[in-house]
Amino acid sequence: MNEVAERTGLLADYDAGGRYCEMFGPPGMQAPVPHTEALRERLTRMSLEDLRERAHDAELELYNFGITFTVYTQKDAIDRILPFDAIPRPIPPDEWQTLESGVRQRVTAINRFLRDVYHERHVFSDRIVPPDVVFSNPNYRPEMEGLEVPFDTYAHIDGSDLIRDDDGTFYVLEDNARCPSGVSYMVENRHLMLRTFPDLIEDQPVRSVSNYGQRLRAALGEIAPQGIDDPTVVLLSPGTYNSAYFEHIFLAREMGVALVEGRDLVTENDRVFVKTIRGLQPVHVIYRRINDDALDPRAFNPDSLLGVPGLFQAYRKGNVALANAIGTGVADDKALYAYMPRLIRYYLDEDPILPNVQTNLCREHEGLQYTLDHLDELVVKPVGEAGGYGITVGPHATKEELEHCRQQILDRPHNWISQPMINLSVAPTLVDGGIEPRHVDLRAFAVTGRDTWVAPGGLSRVALRKGSLIVNSSQGGGSKDTWVLE
Amino acid sequence: MSNLLSRYADAIFWMARYVERAEDLARVLDVTETFSRDSRGGQDWRSILDLYDDAPKFFREHNEATAAAVIRFYTLDDRNGSSILSNIGMARSNARTLRPLISTEMWTQLNIFYNRLRALGPQEIAEPRLARFCSMIKEGCQTHTGITEGTFYRDEGWCFYQLGKQLERADQTTRQLDSRYHNVPSSPDEVGSQVDVSRWNALLRSAAGYHAFRKIHPRGMTPADVAGFMLFHEGFPRSVAACVDEVGERLTQLRSVYNVPGATAAMGRLDDLRGLLDTDIDGVIEFGLHEYLDRVQQYLNALSVEIGRDLLGHAPGPHSA
């Protein structure tokens with residue numbers, strides 16, 4: 001036990017194990033952090049049985065509502081819920097202010113960088129980033145060179161993955177500037193909290209996240225082609241078999257726009273139309289949840305059946321807007337990540353508000369040597385993967401795993417980065433054995449049209465396996481309602 | 001949404017049809033089990049296969065139309081695309097597609113309903129419990145209908161929902177009528193016998209029309225009266241005439257209120273159907289009941305095809321790439 005303060009009830013036996021705790025604060029503190037006091041007190045009045053029963057109801061509700069992602073096996077399609085942990089994760093106002101401005105700064109730099117990469121390319125001539133970091137990235141889209149986009153905004157929807165170290169400092173772990181998902185869980189977790197734990201959240205100064213859809217719809221309206229006063233916006237989904245289909249439904253509903261698939265759209269005279277019962281109707285803005293290469297078989301992958309033939313030409317002509325723009329994948333690559341602090345200084349002439357995790361690039365001799373020398377202390381990640389795949393956590397790896405990792409790095413050094421092990425803060429989480437600390441991260445969501453808005457909340461993902469640092473839903477992660485306090 | 005996607009219109013139309021089909025199937029199974037068994041024993045289970053033209057498919061996997069085999073085939077057999085489980089599964093899958101459009105309650109109910117069905121074991125459909133199973137299906141389908149009535153936004157989507165539901169219902173009624181008629185022994189001695197009456201009785205009950213029929217025909221029960229009632233009685237919600245009336249209203253609404261251009265061609269097919277229905281049971285018997293039902297089905301089918309082509313976008317339009 002680190003905290004001296006007396007504890008009763010539900011949290012009496014809770015021990016954060018020397019980690020920074022989102023509920024109790026840094027290890028060794030005399031008293032738990034004050035902003036969680038009201039929440040702790042309410043939790044204390046609840047019995048473990050009650051908490052468990054209501055948590056069970058909440059998960060059943062997710063299942064019945066179909067707030068699920070689908071896992072396909074050879075035989076079956078299985079609907080899985082993202083496990084919901086009933087104990088919320090509070091964030092105090094001052095910390096949020098830092099996170100909010102840090103995320104905004106980051107998104108601004110990303111958009112400036114993308115503009116530069118596809119136009120002037122000062123970033124290379126000024127030797128801030130080596131060109132091949134960008135040009136060797138398969139997500140670089142030469143088709144975008146010289147193409148103007150409204151407000152120079154490329155990453156309209158951005159997700160920043162934030163983690164907290166033992167000393168309480170927040171770091172940006174990853175930028176997601178392509179098709180970040182998870183925002184539906186931010187909103188649905190709150191709705192679930194309001195329905196199943198009204199007594200926990202009632203009268204608490206928690207900022208609302210339920211207007212995300214309207215903010216997004218407004219931003220998408222701003223980027224419509226010139227002269228279109230009342231643009232038709234659609235959400236383009238790969239279809240019901242996509243694992244994030246629930247989120248597509250959610251966002252289409254929240255925005256009051258049509259959820260379409262590629263087969264619902266056609267192009268004619270470089271304009272995009274949707275097939276309706278009254279014939280073809282024009283479309284002006286597409287929030288697309290399919291990847292660049294699947295967007296248009298004429299311009300990109302010719303085998304894609306998900307996209308719309310001719311879409312890119314319509315986009316080039318400025319007759320339709322896409323969010324996100326094509327080619328944003330060069331900005332959220334794990335290799336480019338290492339340059340983000342420099343990019344922030346370069347484009348904005350500001351110091352980064354949120355630090356990066358120190359990153360060793362195996363493409364550079366020094367970084368490679370350091371990585372190989374400290375393999376058992378570092379977290380090694382492939383640059384191109386997402387979803388927690390391909391990661392080796394040095395301190396937790398077996399000798400064989402480390403050897404395998406070393407070989408992989410030596411085979412293709414430019415494909416790997418390494419970072420020091422960040423412990424990730426913990427939060428009290430309901431598990432089989434009672435309430436125990438589990439590691440959490442935070443994905444913050446930013447929406448950019450003319451300006452950037454950061455949703456006052458986020459998706460707190462929690463690694464439900466004891467000691468695990470991997471929070472991804474595909475790797476046994478759950479989620480918590482995130483309370484940004486006023 | 002001001003502009004209904006063709007794909008959504010199609011999904012709504014079929015969602016309604018699948019649920020209606022599942023409900024009618026449950027009615028038929030229930031009545032076969034309850035009212036027909038003491039007449040000719042297991043023979044009646046075979047008649048259901050004829051009713052749905054499923055005998056060839058069924059006998060590919062089974063040697064005999066036993067009660068257990070037929071019941072399983074039509075209830076929980078997920079390899080049979082026309083089983084109750086398959087129909088509810090397809091309705092749920094359409095509802096999933098339609099989630100941006102339908103109420104959360106509509107989706108949630110179908111989702112729970114399907115998951116519950118999928119979890120059922122074989123003991124739940126054993127003959128002694130079949131009535132309970134059928135009640136559960138009927139209730140599930142009627143709950144869907146009620147939730148839809150109470151929560152589904154009234155616009156073009158609602159019209160397509162009703163079109164699907166009423167066309168399916170009319171189709172089911174003609175099928176049931178035709179099948180029972182076919183199974184009526186042709187020997188004049190047997191007409192009006194115990195077996196005969198129990199079949200017509202069962203037919204009315206499977207369409208939930210027995211009590212309504214009794215209101216109009218307090219005494220006796222002739223095949224002609226039953227057939228006339230099920231074909232033409234406008235107050236009976238499962239009569240062909242009532243369903244076709246509803247179809248007409250929705251098509252008119254699509255054309256005049258929502259200015260959907262494709263509705264015009266479908267109106268033409270509807271007029272053919274109305275012309276066919278402009279007769280009475282005596283005229284039908286003179287024409288031949290089976291021949292008449294056959295023609296009604298053809299016309300219903302032609303109308304469905306027209307709706308599919310012009311309203312639901314099954315055929316490529318002039319602009320399609």
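Predicted model: local features only at pLDDT ≥ 70, side-chain atom pairs only at ≥ 80, totals over all residues.

1. Phi of B:Asn259 is near 50°, which is positive even though the residue is something other than glycine. As for its surroundings, B:Asn259 counts as exposed because it has 10 C-beta neighbours inside 10 Å, and the cut-off for that class is 12 or fewer.

2. A:Asp270 is not a glycine, yet its phi is positive, at about 60°. You will find A:Asp270 in the loop that runs between β8 (265-268) and β9 (271-276) of chain A. Is A:Asp270 exposed, partly exposed or buried? With 16 other C-beta atoms within 10 Å, A:Asp270 is partly exposed.

3. Please also look at the peptide bond between A:Ala323 and A:Asn324: this bond is cis, with omega about -5°. A:Asn324 itself sits in the loop between β12 (321-323) and α11 (334-337) of chain A.

4. Now to the contact between the chains. Chain A brings 22 residues to the contact, and chain B brings 25 residues. On the side of chain A that touches chain B, at least two residues come from each of α2 (48-65), α9 (245-255), β7 (258-260), β8, β9 and β10 (279-283). Sorted by class, that side of chain A holds eleven nonpolar residues, six polar ones and five charged ones.

Technical notes: Residues numbered from 1 in each chain as written. Chains lettered and ligands numbered in written order. Helix = DSSP H or I, 4+ residues; strand = E, 2+ residues; numbered from the N terminus. Buried ≥ 20, exposed ≤ 12 C-beta atoms within 10 Å, placed from the backbone. Contact = placed C-beta atoms within 7 Å. Nonpolar A, V, L, I, M, F, W, Y, C, P; charged D, E, K, R; others polar.
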